[in-house]
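Have a look at the sequence and the model below.

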Amino acid sequence: MNPRPLSRFKGKRVFVTGHTGFKGSWLCLWLKDLGAEVFGYALAPQSDHDLYCRLGLSRLIGHLEADIRDAELLREAVRDFRPEFMFHLAAQPLVRLSYEQPLLTFETNVLGSLNALEAARGAASLRAMVYVTSDKCYENKGLARGCKEDDALGGADPYSASKACAELVLRAYQRSFFAGRATFGAASARAGNVIGGGDWAADRIVPDAVRALVAGKPLVLRNPGAVRPWQHVLDPLYGYLMLAARLYDAPKAHAGAWNFGPELGQSRSVRELAKRLAASWGKPLKLEIERSVVPEARSLKLDSGRARRLGWRPRWDFSRAVSETASWYQAVAGGQDALAVTRRQIGQYMV
Ligand SMILES: NC(=O)c1ccc[n+]([C@@H]2O[C@H](COP(=O)([O-])OP(=O)(O)OC[C@H]3O[C@@H](n4cnc5c(N)ncnc54)[C@H](O)[C@@H]3O)[C@@H](O)[C@H]2O)c1
């Protein structure tokens, strides 16, 4: 890995929304270890199990437990911290929950993102903003070539549509407010399905599989044949960091949208992921199939050619992503300190 762009964060003030979540926790620890001063804004962690708590991040970074839908509070928090970088990750990220709670999903993902942009607009200190949406923001036509950044936005379910809406809101802000700001750049980042140690969310395949393996129970799969672009959490985070560093140096050249997906041949089915995880764990795992009650999108592929121009590429393939994930959960289940295990994996990733 070329460590130079990441040295950009040393001594810098970085504001992260969604810092109590799975990706946010990995990102904040990585930023902290790169020498940044980090401030997080998100809802409280859901349980003591959450990676945020296991890493003891509340002692390592500044933070505010607050709602992204509270525009005034968010604006004040950003203004008071005077960040140079901002990563916006806070979201309701679950497709199935978005069917049950569409209003919450749109409010959080669209209005919340609008609030983040407003806060960025009011922060003269800010030089670079990475605005996290999703690969699901595309109109999914099942293209074998993989979606490119200029392909049509879409989204058949509330979550996917909310991320497409968030993209449109950013586009309007770029043209209306940010284009004339010479020392500030904002870009959206679209990644695939992320796996890695420390995710305990309900209704996600890896946490469900780990719970089944630990309890010696069968794993229920609702859509075993669905093919997804799985990637280790460190791969897209590396992309977000590279993008932010490049935006800082050349904001106008790096504004816009960026895909950070795995290599095209690396997408795998839900069933393959479960089997590979069990094999890495070294324990048999019985799979039970239950028909999904909500429609699930067919395979979606990302073309990440543009991100290569940043000097980014996925560093861990499917097999490595799964084995690192299994080894994280096993080490922590075996009594090792989660902070040390997570730092070790970040260190291995950066070699
Ligand atoms: N996990 C994936 O596979 C994946 C894939 C593509 C994109 N993403 C995107 O990456 C981002 C992070 O996802 P994650 O997997 O870490 O999710 P997560 O559920 O683990 O974390 C979500 C974070 O958002 C915060 N949040 C939710 N509602 C909020 C609100 N109303 N006010 C303030 N904070 C709120 C939570 O407190 C938490 O900190 C999201 O934007 C998600 O859509 C995730």
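H13 passes H14 in a right-handed crossing (the near helix is turned clockwise from the far one by less than a right angle). Helices here are DSSP runs of H or I with at least four residues, strands are runs of E with at least two, and both are numbered from the N terminus. This is a predicted model: local features need pLDDT of at least 70, side-chain atom pairs count only at pLDDT 80 or more, and totals for chains, interfaces and linings use all residues. Residues are numbered from 1 along each chain as its sequence is written.

The axes of H13 and H14 come within 9 Å and cross at roughly 160°. H13 is therefore roughly antiparallel to H14 (the angle is over 145 degrees). Contact means C-beta atoms, placed from the backbone, within 7 Å.

| Helix | Residues in the contact |
|---|---|
| H13 | Glu324, Trp328, Ala331, Val332 |
| H14 | Ala338, Val341, Gln345 |

These residues divide into 5 nonpolar, 1 polar and 1 charged.

Next, the core. The largest nonpolar core has 103 residues. Such a core joins buried Ala, Val, Leu, Ile, Met, Phe, Trp, Tyr and Cys residues through C-beta atoms within 7 Å. Helix H9 (residues 234–249) gives the largest share, 11 residues. Ala244 is among the residues with the most contacts inside the core. Leaving aside neighbours within four places in sequence, Ala244 touches Phe85, Phe87, Ala128 and Val130.

Arg204 sits in the loop between strand S7 (193–195) and helix H8 (205–215).

Key. Axes are lines fitted to C-alpha atoms, for helices over the stretch in contact, and angles run from 0 to 180 degrees between N-to-C directions. Angles under 35 degrees count as roughly parallel, over 145 as roughly antiparallel, 65 to 115 as roughly perpendicular and the rest as oblique. Two residues are in contact if their C-beta atoms, placed from the backbone, lie within 7 Å. Ala, Val, Leu, Ile, Met, Phe, Trp, Tyr, Cys and Pro count as nonpolar, Asp, Glu, Lys and Arg as charged, and the others, Gly among them, as polar. A residue is buried if 20 or more other C-beta atoms lie within 10 Å of its own, exposed if 12 or fewer, and partly exposed in between; C-beta atoms are placed from the backbone.
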